[in-house]
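Reader: I have a new structure to look at and a few quick questions. Can we go through it together?
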Amino acid sequence: MLVPLTLTVDRIKKVIKASSKYITQVTLIDVFQKEDWLDKKSITFNYILLDAHKTLTTQEADIIASQVSLAVQAIGAQVR
């Protein structure tokens with residue numbers, strides 16, 4: 001995702017984790033900045049989904065991914 005420089009990794013991790021009760025872990029994978037991105041940085045995260053009672057379906061995982069996308073967009077991220 002492409003995010004404003006003012007948006008911290010910790011804030012984004014919290015928003016991702018809060019977007020679904022099935023997200024058990026959020027890990028920062030990479031941060032990248034370019035000179036021509038004056039006020040933005042690229043950040044990549046990995047998150048783990050877990051339901052202790054059953055295996056999540058592909059459709060359920062897709063819904064959670066959409067929830068994550070909407071949540072980070074609400075705080076200023078551009079999902080790429």
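Reader: Is the crossing of α1 and α2 left-handed or right-handed?
Author: The crossing of α1 and α2 is right-handed. Keep in mind that this is a predicted model.
Reader: At what angle do the axes of α1 and α2 cross?
Author: Roughly 140°, and the two axes come within 9 Å.
Reader: Which residues of α1 and α2 meet?
Author: From α1 there are I12, V15 and I16, and they meet V68, A71 and V72 of α2. By class, this contact has six nonpolar residues, with no polar and no charged ones.
Reader: What does V72 touch?
Author: Leaving out residues up to four places away in sequence, V72 touches M1, I12, V15, I16, A77 and V79.
Reader: OK, the core. How many residues has the largest nonpolar core?
Author: The largest nonpolar core has 15 residues. Those with the most contacts inside it are M1, V3, I12, I16, I23, F45 and V72.
Reader: Now the strands. In which sense do β2 and β3 pair, and over how many bridges?
Author: β2 and β3 are antiparallel, with eight bridges. One of the pairs is T27 with N46 in β3.
Reader: And β1, what does that pair with?
Author: β1, residues 2-4, pairs with β3, also in the antiparallel sense, over three bridges. P4 is opposite K40 in β3.

Conventions:
Residues are numbered from 1 along each chain as its sequence is written. This is a predicted model: local features need pLDDT of at least 70, side-chain atom pairs count only at pLDDT 80 or more; totals for chains, interfaces and linings use all residues. Side-chain values use heavy atoms; hydrogens and water are left out. A nonpolar core is a set of buried Ala, Val, Leu, Ile, Met, Phe, Trp, Tyr and Cys residues joined through side-chain atoms within 4.5 Å. Buried means under 20% relative accessible area, exposed over 50%, partly exposed in between (1.4 Å probe, protein chains only). Contact means heavy atoms within 4.5 Å. Axes are lines fitted to C-alpha atoms, for helices over the stretch in contact, and angles run from 0 to 180 degrees between N-to-C directions. Helices (H or I, at least four residues) and strands (E, at least two) are DSSP runs, numbered from the N terminus. A crossing is left-handed if the near helix is turned anticlockwise from the far one by less than a right angle, and right-handed if clockwise. Ala, Val, Leu, Ile, Met, Phe, Trp, Tyr, Cys and Pro count as nonpolar, Asp, Glu, Lys and Arg as charged, and the others, Gly among them, as polar. Two strands pair if DSSP finds at least two bridges between them.
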